[in-house]
Amino acid sequence: MSLRAFTGSARGRWSAVTLFFGLLLAGELEPRELPSCKESDYHFEYTDCDVLGSRWRVAIPNKPDTCTGLPDPVKGTHCTFSCKEGEYLDMKTQECQKCAAGTYSLGTGVAFDEWDSLPAGFISHGINMDLGDMYTNCTNSTWTPKGDYIASNTDECSSALSYAVSLKQPGSVSFQYFYPDTNIFFEFYVQNDQCQSTDFQSRLMKSSESDWDSHYVQLNSGNNVLFWRTTGFSLSNNAPKPVLLKNIAISGVAYTSECFHCKPGTYSAEPGAARCAPCPANTYSNKGATACQDCDKEKYSGIGSGTCQQRPPCTANDYFYTHTPCDSAGQTQLMYKWIEPKFCSETAEGAVKLPASGEKQTCPPCNPGFFSSNSSVCKPCSNGSYSNGTECSKCPVGTEPVVGFEYKWWNRMPSNMRSSVYSREYSDSQRSTGWEVAGEYIYTTPGDLDSDYMMLTLTVPGYSLAYSVEKNNERAEFSKITFVFETKCTADCRLYFMAGLNERNNAVVESWSGTNGKQSYSYLIKNNFTVSFTWSFQRTEAFTTERQYSSDFAKIYSIHITNVIDGVASECRQCALDSSHKDSACVPCPSGHYMLKGTGMCKSCLPNTFIRPEQPLGEEACIPCGPNTSSNKARSSCVSDCTLAVQYKGETLRYNFSPLANVTHFESSPRFTSKGLRYIHQFSVGLCGTEGRALASCVDNVTDTTKEVNGYVCQSIIMPSEVRGQSVVSSQPFTIGSTLIGVTTESTLDHISSSENSFPADSYLPDVIFYYRARETTQACKNGRSTSIRLRCDPTVTAMDQLTAPSKCSEGTCDGCSFHFLWRSQHACPLCSERNYKEIVSACTEGIQRTTYVWQQPLRCTGGVPLPAPRISACVTLAFWLKFGASIGTLAAVLLIAISCYFWKRTRKLEYKYSKLMMNAGEKECDLPAADSCAIMEGEDAEDDLIYLTKKSFFTKIKSFSRERTSDGFDSVPLKSSSGMEMEMN
């Protein structure tokens, strides 16, 4: 290891002056004969600068007490003086001189480009993490030198690499880094002598999936401490990839009084070099070289190598095949080529020969949307035309082309695709082709190293929806890319699919490891900034100079991307026509309308339906909204206004979930990685709402490029703030509910089940369940993800975030695709109505009676109808009712007496009749006449009444009432004779 740095910066300072005068004093005290000093016996240094920026040049003996007659101190250059790059300060003349060939200098800077061991001044140490009840010993978590670079830790500890430097003038620091894995937090910051640190947001480093990135920061004069800090975490068993650093350069330091030799594998041919250039492949150089030497014929070397190695015998893994462009006869030739740079030997024992090239094959047809020109070149069809790969045809009237790109034949690389090779070991590899066309597919060629990334990038200019598709702000899909692929591996290979704004900023969307059979994958493009797509294949993560896995490959059979600007068409589809124009131009159907097949006319969908995202053709394009939802204004989706009416046990329960409509965040129980690092799953929910509703949002703030996803329900992983020292760290966000399916009390809706067993009920009221679905698919979730949120009435819960997961699935899901949650809240209860309260009437007090209304307990409702206000009414007291009752009783008694007298009178009449019968029977003692009836015959009653009424006065009647009976037991009964005379019968 050699340090490309200034090493002669005022090391003695005032101590040099002290030593100088000390030697003189010692000579006076003990005089002895010393030889005169030669130039080789001493060196020059500068003293510390004073307040005016002045300093002195003094001579310092290399060994004390060895010579005498050192040069006198002289005034030195000003403290701000410095030399240019490629120069050094000659301390004898105090002038700048050019570095000799084979050496270099940064002038006022230091550089570190060799990492065989940790350079002087650098400190690497692990930071012990105390996360609540967990304590992690991170003493051994340090940065590791790897020769050309230094690698970070990959365990779940924080590790810092630091370097302290004192700048005499404002300067800078620059370095190259490789940051491929966001499972590691990576930050760079500077602390100055006032302990002021870099702003937090600017600390975060941008991830780099496919190439070394450069970073540059300006530094203030004075003391500066540079920190590179990483913290690894992995939620799987795979260790994250380390962060790599190299070529650290710092400017603004003191002068440099010497030039530094080029390290082995590099050279500088001309004097005054600021840097050394690496040797090309198959060459080498020693330290301080001015030129590179060629390796022997049977040896080889890589770029920047200091030695040559013996060439191994060539094998079948050292060549690949490709096809030539089609000729005028429609033929292509199969060609075999050695992998460049070629390391193997064809003459070594056991070496294979390169197969003969030139076999002719029939060219595959052109891709859809292209046509063959002279049987050699495929050209795109003009606008408004389509083809199946043979010839172009105009789209018929009433139709429009379905534009995009569909690649399924691979005779030559498409013009908007680029192949490359990226090696993190050295960035200027001669290889530029990582994927080769092979007729029916495109495949990865062997790399220089098995750890190389074989890159394939597709770039499109943007997206434009078809004329017949209505543009609206709530449209969730601009385009879709679908590709068919296959991988075959014997090691730990991995195929990455990335998407983003450009190749350097693409983020990983999905990855596949190991061998994968032929399969298809689709990705929805939701914004117009996702215009770059990269497929990256790495055979193994481990670095090795041998090609052990060259036979491992990835193949892509087809790539299809839709709605691309300036795309080509493989077919035409029917579109709606504008009747107001003569040319019958295609127009979009109005919102909520679908297109009739075969006519181009638009017809309105039934109410409460929405139009599918694809072209609305036929009545089947109208999709009914789920239960208790309605279509939005754009008729692009269904929404809920947070109200609901449910029939339950003969009653109508009405709900209003508006208090729960605001975005709510809740967290799962803490989880721990295999190394003991704590993390949690945070969920964000926007339960319901119509246009303008607040959407749930989850972010990834691990790097400086923030990623955000939105929807009804989303999830992200939250790491403790101690991991990075500041703020909350959120990563890996994804949507688990972007579309509302319906709201119901049923446990199953649209193939989504919310099992009651997961949340045992303790209420007689039904649970209301919101069902959501997310269309994005993954390897594990072929049909996307779904979420159900079960709302349960609980009047005791006033908090808004009382959501829980099933006890058996503490993360909300057991399979990673279907999520289920229970939300307890008082706002999940039905609205209160008249049936939920009762009235209580008080006793009448002093003519006043009060009526009070109270809720029935237990109360299972909220809001709705309020309790009526208490009522006060007039009433009558008990004394009044007693008097009234006595009066009524007296009247009843009088009436009873009158009725009794009436019936007594009637009884006396019957006695009279009976006596009359007895008298008639006495005339014939033994011959009683047969009585026809004892009843009063018609007319008799009137006659008797006449006797009583006409012959007796009021007092006579009273007297007759009081008459006593005779001794024979009969009362005296007055009789009326036939002559009208009254007589008394005993």
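Before you click anything, one cut-off: a residue is buried under 20% relative accessible area, exposed over 50%, and partly exposed in between, with a 1.4 Å probe and protein chains only. You're looking at a predicted model, where local features need pLDDT of at least 70, side-chain atom pairs count only at pLDDT 80 or more, and totals for chains, interfaces and linings use all residues. Residues are numbered from 1 along each chain as its sequence is written, and side-chain values use heavy atoms, leaving out hydrogens and water.

**The whole protein**

Start with everything in cartoon: five helices and 73 strands. These are DSSP runs numbered from the N terminus, helices being H or I with at least four residues and strands E with at least two. Of the 986 residues, 44% are buried.

**Strand E42**

Now select 532–538, strand E42, where seven of seven residues are buried. In a regular strand the side chains alternate between the two faces of the sheet. Here Ser532, Thr534, Ser536 and Gln538 point one way, while Phe533, Trp535 and Phe537 point the other.

Two strands count as paired if DSSP finds at least two bridges between them. Phe497 stands opposite Trp535 of E42.

**The three-stranded sheet**

Jump to the open sheet with strand order E69-E70-E71 and antiparallel pairing. Its edges are E69 (837–841) and E71 (871–874), each pairing on one side only. Neighbouring strands are turned by 25 degrees against each other on average, direction ignored; axes are lines fitted to C-alpha atoms, for helices over the stretch in contact, with angles from 0 to 180 degrees between N-to-C directions. Select 848–855 to see E70, tied to E71 by four bridges. Gln849 has Ser873 of E71 as its bridge partner.

**Helix H3**

Last stop: pick helix H3, residues 878–922, and find Leu895 on it. Is Leu895 buried or exposed? Exposed, because its relative accessibility is 53%. Show Ile899, Tyr902 and Phe903 too: with Leu895 they make a nonpolar surface patch of about 420 Å².

Terms used. Patches are made of residues with over 30% relative accessible area and no salt bridge: like charges are joined within 9 Å, nonpolar side chains (Val, Leu, Ile, Met, Phe, Trp, Tyr) within 5 Å. Accessible areas come from the Shrake-Rupley method with a 1.4 Å probe; for residues, only the protein chains shown count as cover. A salt bridge is a side-chain nitrogen of Lys or Arg within 4 Å of a carboxyl oxygen of Asp or Glu.
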